[in-house]
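Hi,

Here is the structure I promised to pass on.

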Amino acid sequence: MAVLGPGGVGGLVGALLARAGHRVVCLAGAETAGTLRKDGLHVTSGRFGAFRVPVEADTELREPAGLLFVTVKETALADALERVPAAALGGGLVLPLLNGADHLGPLRERYPAEQVAAATIRVESTRVAPGRIEHTSPFAGIELAGRTVPRERLDHTAALLREAGFGATVRDDETALLWDKLVFLAPMALLTTRYGATVGAVREQRRPELLALLDEIAAVARAAGAAAEPGEVLGFLEGAPGSMKSSMQRDAEAGRPLELDAIGGSVLRAAERHGLPAPLTAEIVAELRARTARS
Ligand SMILES: NC(=O)c1ccc[n+]([C@@H]2O[C@H](COP(=O)([O-])OP(=O)(O)OC[C@H]3O[C@@H](n4cnc5c(N)ncnc54)[C@H](OP(=O)(O)O)[C@@H]3O)[C@@H](O)[C@H]2O)c1
């Protein structure tokens, strides 16, 4: 199997699958690929322990992979896909673990639609240096779906992920799968980044704005096909540790590109498609876009 983008998510996936005995090829830039070939993947994790595992690495997929995990950020997706020519993929299943709701379309244009599943991952995992992964959440759960993919293929993939240590479930509805994640992630990412504040600070100091944004995004998610309940989403956010930061916020702090289009842009495009107003989301996205254009 292959992992395109062996970072926080991809490095953990690749390492656990390699540890479970699978042949794993990590696809990355020349420098990272060289480091991985030499040193393998190093993981520190409260749940999975500290371990090092050898992996193969290359800058391009050169032979069919039964399973291709796409684990780059959305901002790097178009460039990264150049490393996986459709002809090289063969009959492999593509499993994108990116956040956002709009990446399946481009993937299904590039690869056969019946080979591109939908998936989300619930984890906190960071690439602290090339090949060095710190997994800090007590959980690591993957959900899969795919209206274009045969169910038995999804079931087989979920079983393989469980054997490697992940929680893994197959769901029936890919739209609900993606939006269940986005409806929780988008308000948290947008507000923590807007105010440079932790989840706890947003909950306490920006509560009216948080509630308004939740309502707005949950309405869009429902129109898109998810059973999004603002009260339920708020319950999740109330349960998150107060000190938690979103990865968009950490990207902003580090001066890295933001997944603003994948997260805020997906909400705005769906709002437009369904004729719903999303003025607060639009205001925050525009503000963050202007900020990143200036920096
Ligand atoms: N991290 C989490 O806890 C988490 C949780 C849930 C969802 N997600 C989502 O998962 C996705 C990946 O996030 P992440 O945190 O794992 O990102 P990340 O740590 O930044 O890892 C991205 C990886 O992609 C590689 N990359 C960048 N451009 C590339 C290219 N053109 N070709 C090949 N590889 C390339 C990077 O290589 P280098 O190592 O050389 O920089 C890096 O290894 C995002 O959509 C994110 O929102 C993340």
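R23 is partly exposed, at a relative accessible area of 44%; "buried" here is under 20% relative accessible area, "exposed" over 50% and "partly exposed" in between, with a 1.4 Å probe and protein chains only. R23 makes a salt bridge with E56, and their closest N and O atoms are 2.8 Å apart (a salt bridge being a side-chain nitrogen of Lys or Arg within 4 Å of a carboxyl oxygen of Asp or Glu). This pair ties together distant parts of the chain, 33 residues apart: R23 sits in the loop between α1 (8-19) and β2 (25-27), and E56 in strand β5 (residues 56-58). The element names are DSSP runs numbered from the N terminus, helices being H or I with at least four residues and strands being E with at least two. E56 is partly exposed too, at 36%.

Before going on, two housekeeping points. This is a predicted model, where local features need pLDDT of at least 70 and side-chain atom pairs count only at pLDDT 80 or more, while totals for chains, interfaces and linings use all residues. Residues are numbered from 1 along each chain as its sequence is written, and side-chain values use heavy atoms, with hydrogens and water left out.

How many salt bridges does the structure hold? There are 22. Another one joins D155 to R151, with 3.3 Å between the closest N and O atoms. These two are four residues apart in helix α6 (residues 151-164), so about one helical turn separates them. D155 has a relative accessible area of 34%, which makes it partly exposed, and R151 is partly exposed at 39%.

E238 pairs with R207, and here the closest N and O atoms are 2.4 Å apart. That bridge also links distant parts of the chain: E238 is in helix α10 (residues 230-239) and R207 in helix α9 (residues 207-224), 31 residues apart. Both ends are partly exposed, E238 at 36% and R207 at 28%.

There is also a network of salt bridges, which links R194, E209, E283, E287 and R291. Keep those residues in mind for the helix contacts below.

**Helix α2**

In α2 (residues 30-39), the buried residues include T32, A33 and L36. These three cover an arc of only 100° around the axis, so they lie on the same side of α2 (the arc is that of the directions from the helix axis to the C-beta atoms). The buried residues of α2 pack against β2, β3 (41-45) and β5, where contact means heavy atoms within 4.5 Å. Turned away from that buried side is a face with the exposed residues A30, E31, R37 and K38. Just after α2 comes G40, with a positive phi of about 75°.

Two packed helices are described by the angle between their axes and the distance between the axes. Axes are lines fitted to C-alpha atoms, for helices over the stretch in contact, and angles run from 0 to 180 degrees between N-to-C directions. Under 35 degrees counts as roughly parallel, over 145 as roughly antiparallel, 65 to 115 as roughly perpendicular and the rest as oblique. A crossing is left-handed if the near helix is turned anticlockwise from the far one by less than a right angle, and right-handed if clockwise.

- α7 (residues 174-195) and α12 (residues 260-273): the axes come within 10 Å and cross at roughly 115°, so the two are roughly perpendicular. The crossing is left-handed. Among the residues that meet are W179 and L182 in α7, and L260 and I263 in α12.
- α7 and α13: the angle is about 50° and the axes are 10 Å apart, which makes α7 oblique to α13. This crossing is left-handed. R194 in α7 is one of the contact residues, and E283, E287 and R291 are among those in α13.
- α7 and α9: with an angle of about 155° and axes 10 Å apart, the helices are roughly antiparallel. Their crossing is right-handed. The contacts include R194 in α7 and E209 in α9.

Cheers
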